[in-house]
Amino acid sequence: MSLIRKTAAELGAMIAAGDVSAVEVAEAHLDRMAEVEPKVKAFLHVDREVTLEQARAVDARLRAGEKLGPLAGVPIAHKDIFSTHDMPTTAASKILEGWRPPYDATVTKRLREAGLVFLGKTNLDEFAMGSSTENSAYHPTHNPWDLTKVPGGSSGGSSAAVAAYEAPLSTGTDTGGSIRQPAAVTGIVGMKPTYGGSSRYGIIAFASSLDTPGPFARNVLDAALLHEAFSGHDPMDSTSVDAPVPSVVEAAKSPDIAGMRIGVVKEFSGEGYQAGVLARYNEVVKLLESLGATVVEVSCPSFTTALPAYYLIAPSECSSNLARFDAMRYGLRVGDDGTRSAEEVMALTRAAGFGPEVKRRIMLGTYALSSGYYDAYYGQAQKVRTLIARDFEAAYQQVDVLVSPTTPTTAFAIGERADDPMAMYLADLCTIPSNLAGNAAMSVPCGLADEDGLPVGLQIMAPVLADDRCYRVGAAVEKALESRWGGPLLKEAPSL
Amino acid sequence: MTMVYDEALDRFEPVLGLETHVELGTKSKMFCGCKTAFGAPPNTQVCPTCLALPGALPVANAMAIESTIRIGLALNCSIAEWCRFARKNYFYPDMPKNYQISQYDEPLCFDGYLDVEVGGETVRIEIERVHLEEDTGKSTHVGGATGRIHGADYSIVDYNRAGIPLVEIVTKPIPGTDRLAPEVAKAYVTELREIMRSLGVSDVRMEEGSLRCDVNVSLMPRGSSEWGTRTETKNVNSLRSVERAVRSEIERQAAVLAEGGKIVQETRHFHEDTGTTTSGRSKEEAQDYRYFPEPDLVPIAPDTAWVAELKAGLPELPSVRRKRLQAEWGLSDLDMQAMHNADAFDLVEATVAAGAPAADARKWWMGELARRANETGVPLADLPITPAQIARVTELVASGALNDKLAREVLEGVLAGEGTPDEVVETRGLQIVSDEGELLAIIDQVLADNADAAEKVRSGKIAAAGALVGGVMRASKGKADAARARQLILEKLGVSE
């Protein structure tokens, strides 16, 4: 089997054993990228020489006997929102075109130290605002299952790269579903760790109280290995939790859910959900029961108000977070011809540098935080957030994890929802509550919808710092389904 | 158009309010590890966080939080059991994030007071809040007439100051100060500065901007209980300016009101040269700061036991200390006031601690050295002489090795960098002539050269001895002990006093 079809765990073991070098593995993936990128367009930045240089350095470290982690030498693609000192970091925005950070994000720094090799920076919705990657200022990304469809978003470049075998692993960020939704619609595993479980330092901020970095992989164990490699307390991020990383790798290797209590979220099914999505979802719920779990229906009434609350909180925080893009210190500068004031240059730059969705959210947020409106909008949304957290708490009194479809529909067509923000926002209906409560949540593939043959994801939600439960349930589902399918879901994907 | 102060006060009563910003003297910035040294080359004390590079995050400086709580305790405030930072959003090139991390409706310290002495009376200034925030960078506007951003050819920004911890201390409105309003304002800022110094939290140098004061003034007609519209005067950069700004604003507002005009709620700028204020930004066009809790930082929840520990560990506060020292030193209210105004307390106290009598220590610092400081425009404490050196000089005078005139020369030598007092005495040869033989030889010579004067003394006109003593002093280049010389002259001429 070619190197690109291997799992990250297998590649790591082969490299550690000296069966293959990090350079050879990197080259295999770079070649695959060269072959399929014209169709998938998952990447914004690739620099073969920088990647190979990193791979050579890892090979040298291994030869020198340095003890590196299980992913040493394994290639990875990073959402272009993680700062990397040796590659540009743009958040897919024109305002940061060509920007090279002088520093690494904590996540990328830790992965470098663990010996992972960076393949490049992947596409996203500008500043992570969107659910289709169509809001990238550069180009849309195509779903490897069907090139006319979106790969989800905002981390659509990262999901597409992994689904297209361009990379065995990738990083993403999840603010309202930006890891789980793209994972679901591309048939891979995506995990949003507990908020604060993985450092935000060096990740270009969208909504600070929601942003969570997390892993993409083609299987649950690989996701766990990556999760473990970059997570854990970071003194550079005040909101980082000073607690041990939940034992996710161990959980991913223990696909046993006998005796677990699993809650089916009543509010996330029925009207508005695609028939094929519900069919696969209902099957997987039965499967969980057959694996020995106790499945009960749980009501979380406030979850229906999560979407509007999210669309007040996230834009409010982004309106402030994005204020720093002002042409004064870095990035795009427009209109600086010696006749204009700093204020005019700021305004012209922001008008030219931000795309329409970013502007829409800045305006929404600016309005919601305005004097006289704060209580009615931002203040009210924070109260809803508290109610959602209480619903989760009550649910976790009864069950160990909650499940729902990850998304109401399978991947939609490129262009289909581009002019309808409300339809676009609905893609995150099921994923947003976990962000608002800071809980852990995962999407694992659970089959293909009958009507379009596209992947469906199962969302597994767990309490704060119980990320391991997502991996345990995810691994059990993966094991049972793969034995039913005779291999991973991705082998059903059309070849590119 | 202004009204003279007395007339203004005949017709109106002022209400004051003071907002003071104190830059904390922490080693690192409020939300990153950058150094805070004053005067470093521009943009050399910066990092991703204080430059607001994409992705950088703040981490709160624990020492700054501790200092703020200590300030709050010294100002008799309650300390919040739980509070948050908030973002104050507005665009300005010297503020890298285009929001300032500050505190809004949840200040760290609140509801305190500070008593100040003005004209023998104690005035209680109520403190509304003490909160912690970060400083902005420093803009320099080049070209144009005003030195302000509008009309400038270009502007340059130094971000070294961006992110330095800043404590804002806000008073409640201060009514009832009447004619003493300017003095009360000055006394408050002076006292605040003393407290910061005693706490060791800031070097509080107004000229370097580590203590900045905004002065709010409003007037109401005498007999009214409804406060007028206030103005906020910025750019008040010295204690004297605090007083002048209040006075000038009272006079200006009184004139406007007397003519039936309305006071515009606005920011005004104080001008050191003219002592007047001019209109700045009107509050009507002021921004909506869109405050919201800072999501990048966790709430501050100071442990009650820790706060109690900080309270127990507060140093003796300046007002208490002044009372104690006055009793110990036996100095008058006037002397104490003068020393307070001249920032001489610490110096005098240290000099006394080094062994000098209080009266002597006061005399040197408030006399010769204050004069030198004044002449050279250097703060007293920055003169290149130590309290221990002053104590040594007083010791030399007390032992008779120096007289006052020689002592002044010694000080001059020390200030000129010629070394310690003993070294200056040595190198300049300033010992009093205590060798009786040498002194007698000089006296003989002087008596011979001034036979007329000597004769007068001999005949009983003892007052004429002064000229002879003067002659001895001249001949000895001031090194003679004048009292001894006089004694010897009288003995030689066979008269007694």
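What share of the contacts in chain B with a separation of 6 or more is accounted for by residues 24 or more positions apart? The share is 68%. Keep that figure in mind while going through the model, which is a predicted one.

**Chain B as a whole**

Select chain B and show its C-alpha atoms. They fill a box of roughly 95 × 55 × 55 Å, taken along the principal axes. In cartoon view, chain B has 16 helices and 14 strands. Its radius of gyration is 29 Å, well over the 23 Å that the globule rule gives for 497 residues, so chain B is more spread out than a compact globule. Of these 497 residues, 40% are buried.

The three strands form an open sheet in the order β4-β3-β14, with antiparallel pairing.

**Helix α8 of chain B**

Move to residues 345-353 of chain B, helix α8. Show the side chains of B:L347, B:V348, B:T351 and B:V352, the buried residues of this helix. Now look down the helix axis: these buried residues fall within an arc of 135 degrees, so they line one face of α8(B). An α-helix has 3.6 residues a turn, so residues three or four places apart point the same way.

What covers that face? Select α7 (333-341), α9 (358-376) and α10 (387-398) of chain B, which are among the elements covering the buried residues of α8(B). Before leaving, click on B:G355, which follows α8(B) and has a positive phi, near 115 degrees.

**Where chains A and B meet**

Finally, display both chains. Their contact takes 36 residues from chain A and 26 residues from chain B. On the chain A side, select α10 (306-321) and α11 (342-353), the elements that give two or more residues to it. The largest share, three residues, comes from α10(A). Colour the chain A side by residue class: 18 residues are nonpolar, twelve polar and six charged.

Conventions. Residues numbered from 1 in each chain as written. Chains lettered and ligands numbered in written order. Predicted model: local features only at pLDDT ≥ 70, side-chain atom pairs only at ≥ 80, totals over all residues. Pairing = 2+ DSSP bridges. Helix = DSSP H or I, 4+ residues; strand = E, 2+ residues; numbered from the N terminus. Rg over C-alpha atoms; globule rule 2.2 N^0.38 Å. Buried ≥ 20, exposed ≤ 12 C-beta atoms within 10 Å, placed from the backbone. Contact = placed C-beta atoms within 7 Å. Arc of directions from axis to C-beta. Nonpolar A, V, L, I, M, F, W, Y, C, P; charged D, E, K, R; others polar.
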